[in-house]
Amino acid sequence: MAATLYWIQCGGCGGDTISLLGADSPDIVELLTLLDIEILWHPSISNNTHSQHQDLLERILAGRQNLDVLCVEGTIIRGPGGTGMYDAIAGRPKKDLVASLASQARFVVAVGTCASFGGIGADGAVEACGVQFLKWEKGGFLGAEFTARSGLPVVNLPGCPCHSDVIVSTLTALLGGQSIPLSKYNTPLIWYGLLVHQGCTRNEYHEYRVEDQGFGEKGCLFFHMGCHGPLAYGPCNKVLWNRRSSKTRVGVPCFGCTRPDFPQAYPFYYTRNIEGIPKQLPDGVDRAHYLAYKGMAAAAAPDRLKDRRTRV
Amino acid sequence: MTATLNHPAKRSVTRTLDIPLNRVEGDLSIRVELDSGRVSEAWSSGTMYRGIENILLGRGPLDGLVITPRICGICSTAHLTAASKALDSISGIQPPPDAIRVRNLALMAELLQSDVRQTFLTFAADFTNGAYQRHPLHEEALRRYAPMKGETAIDVIRQTRKIVEIVAILGGQWPHSSYMVPGGVAGVPSLADLLQCQHLLAGYRAWYERRILGCSIDRWGEVRSGADLDNWLHECAAHRDSDLGFFIRFARQNGLDRIGGGHGNFISFGLLDLPPGTEVRSRNGSTTHLMGGGFARGAHITPFDPANVTEHVAHSWYVDYPAGRHPFEGETRPYATGEESQKYSWAKAPRYADLPAETGPLAEMVVSRNPLFADLLTSGPSVLTRQLARLVRPAELMPAMQQWLSEICPDGTFYDPASAITEGEGFGTVDAARGALGHWVRIEGGSIQRYQIITPTAWNGSPRDSGHVRGPWEEALIGTPVADPENPVEVGHVVRSFDPCLVCTVHALRGRCSLACRDL
């Protein structure tokens, strides 16, 4: 029997759906066939009529239609004043529909940083939060104790957008009954157990502390340009975007878009420093050791890096 | 769906129903009144408020480059372009010519993706609607456009994901990169990068010519009038059976050339900046754009003047101010009254010289005096003409892309260091996939003090203004026949021909497109 999937879009840009449409091996069409997934509803794809959709919702909520996977995209808008009416559907807050569907689903997957942690809007008047987290704190919309019918909490797939490989493979693993160990932020460690920094073609510049202070160069962006590569967990430089590249490879700092505090409260494209050393150091690194190591590394930098001759 | 009988004393057949129309980007609710089977009144309502403009206030001067692409998953490159052009204008810097080429190429790849996906995954999916079950072309429509199953639908998914690889090569990823910066772009494309882009583009062009047009772009370029179009259609089976040929046949046979008119006012901010020294020629003699911007009222076309842009909120859920305000004076103060007042949408109502105006590919064709569309428009705009303009826009773009790719000097100059941006006011305008997009920005004391965004869908899907004049697709709906109020596919055709993107209407919306036909 086909596995069933319902995709709901809340406060967001649709970028995770767009990311999924870019999937390859399998692409979205192959994915549905390979895993025998029936999309009960996706707002950008389905062409069911409204009455068919209403009937579907009734059957799911009454337990007459099995719901294997609920994918939530976009942040849960609770404003103004907790009413949720900044995001209404047919005159009712969409957040209520999320709660009802989540109670019936075997798995609940938060796709993207907005659904995972609140993302864009978590700081705003719309009173947004993630499905089961608000930034670093567990709870969010459904509460810390929520588990789906499978017993799993909401599986968070952050990223702005989330990479298509992560969405596709998570669905494959969940529906295939394979266990995917989660971090304390309920993100699968397979993809969120490595740093964006890993695999960046500028790593050697980082290693020898050859730093850029402006755009259009080849050096490391961590020390001055606000790059979060060593601070953010995600597979960007391993799986690559659109099978081609990543932001850091083309000289754009990582904005830490998989982090629960994205978008950060301080300005982008700028590294907050303490005496020339970034305030936030790579995860787990001791400040004194880092100072000594980076001082020695800079002294050891070869001319080919200092002259930016090594390509990235 | 609920249906109630009308008051028996009334002559018109009336009923009340709610019919969400999905497959628009975001949440939109359309309310129409039906009188004797035709739409007599229409209200377009955005049902979500995200408050993005206000999130930007107080943030770092460059933060619009990171936050605003996140407004929209499908046109993030357009927002990035507008955001960086606004900062260019504040810093007074003109990016190097090759930086303009790189910005254009990424934006064009996004347009190639959007025009084709919207036409076949969103608009033409309605051709598979049960309303056409008895039409002779219905089976073929299903074979082509059934969601996730149709031959064209699958092909479109596979080809469009390839063309946006150009954005990833130049800008790191698509969607949501932030590689355009004041003064140019962050990356320095190599010869290898540019060659890969050329290969991707050549592949997409070959596919577009074979599958979508059924002829070469050069042959299509000879179609310069309605009569030419008929000749082209009947010339050979390859034309008739292409997706363009099928689209025209299906649309004509089902009356889509007779619905969806509208005000007949068009606005374009100008499509694609011409880099100095390029051999690419403007379509309308513009010295600044591939298709120079302008405002068209009937056949009268005037150059675009940004001073004429205002936004009204009389029917929008914001704290009132009289008449319209220029975006440099604009504000976004949400004020949700529900349904008790005349306010009914989270979208503001942009106006040009106080007039509503339609934007998008058709507006570009009109303003740039494209002969085919000038001829087709002698009988007024329609769903068919509007969607046709979108479907053939890639033919206008790809030759220019190929030229720009060949003009770029690899490892050359793509960035002119901008001085620190601390003070000033500026704006960036661009024609995005769905039309005219502008960011108006004021920076003071090193942080953003005002950020006003007017999106294409705000133009097209605007509610009434302070003079109670309908927005463009509200107007275009008037007179639309609705054969079956339980399945108002005609309303979907009209609204989707504007390519609604409600996530973009940043003050506002997301959701279904619900249709309420109220009692008269």
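The area buried between domain 1 of chain A and domain 2 of chain A is about 1,300 Å², with carbon and sulfur atoms giving 66% of it; buried area here is the accessible area, taken with a 1.4 Å probe, that two parts lose on being put together, summed over both. On the side of domain 1 of chain A, the residues that lose the most area to domain 2 of chain A are A:W136, A:C160 and A:H163, which together make up 35% of what that side buries. Domain 1 spans residues 3–189 of chain A and domain 2 spans 194–312, the bounds coming from an automatic or database domain assignment. To the contact, domain 1 of chain A contributes 20 residues and domain 2 of chain A contributes twelve residues, where contact means heavy atoms within 4.5 Å. The C-alpha centres of these two domains of chain A are 32 Å apart.

The structure is a predicted model, in which local features need pLDDT of at least 70 and side-chain atom pairs count only at pLDDT 80 or more, whereas totals for chains, interfaces and linings use all residues. Residues are numbered from 1 along each chain as its sequence is written, chains are lettered from A and ligands numbered from 1 in the order in which they are written, and side-chain values use heavy atoms, with hydrogens and water left out. The model scores ipTM 0.97 and pTM 0.95. For chain B the average pLDDT is 91, and 91% of the residues score at least 70; pLDDT is the predictor's confidence in each residue, from 0 to 100. In chain B, pLDDT stays under 50 over residues 1–12, for which the model has 22 contacts beyond four places in sequence, and pLDDT also stays under 50 over residues 506–520 of chain B, for which there are 111 such contacts. Where pLDDT is low, the predicted coordinates should not be read in detail.

In chain A, strand β1 (residues 3–9) is largely enclosed by the rest of the structure, because seven of its seven residues are buried; buried means under 20% relative accessible area, exposed over 50%, and partly exposed in between, with a 1.4 Å probe and protein chains only. Helices (H or I, at least four residues) and strands (E, at least two) are DSSP runs, numbered from the N terminus. Both faces of β1(A) are covered, with A:A3, A:L5, A:W7 and A:Q9 buried on one side and A:T4, A:Y6 and A:I8 buried on the other. In a regular strand the side chains alternate between the two faces of the sheet. Strand β1(A) is joined by four bridges to β2 (residues 37–41) of chain A, to which it runs parallel, and A:A3 has A:I37 as its bridge partner in β2(A). Five bridges join β1(A) to strand β3 (residues 69–73) of chain A, again in parallel, with A:Y6 standing opposite A:L70 in β3(A). Two strands are taken to pair if DSSP finds at least two bridges between them.

Elsewhere in chain A, A:K95 is part of helix α4 (residues 94–102) and counts as buried at 14% relative accessibility. Leaving aside residues up to four places away in sequence, A:K95 touches A:I76, A:I77, A:R78, A:G82, A:T83, A:G84 and A:F141.

In chain B, three strands form an open antiparallel sheet in the order β11-β10-β12. Strands β11 (324–325) and β12 (349–352) of chain B stand at the edges, each with a single partner strand, so one side of each is left without a neighbour in the sheet. Strand β10 (residues 309–312) of chain B is joined to β11(B) by two bridges, and B:E311 has B:R325 as its bridge partner in β11(B).

Helix α6 (residues 151–163) of chain B holds B:T160, which is buried, with a relative accessible area of 0%. A polar atom of the B:T160 side chain lies 3.4 Å from the backbone oxygen of B:I157. Not counting residues up to four places away in sequence, B:T160 touches B:Q113, B:V116, B:R117 and B:Y204.

Several backbone features fall in loops. The peptide bond from A:S25 to A:P26 is cis, with omega near 0°, and A:P26 is placed in the loop between α1 (15–21) and α2 (28–34) of chain A. The bond from B:W174 to B:P175 is likewise cis, with omega near -5°, B:P175 lying in the loop between α7 (165–171) and β3 (180–181) of chain B.

Definitions and conventions
A polar contact is a pair of N or O atoms within 3.5 Å; within protein, one must be able to donate a hydrogen and the other to accept it, and residues adjacent in sequence count only if both atoms are side-chain atoms.
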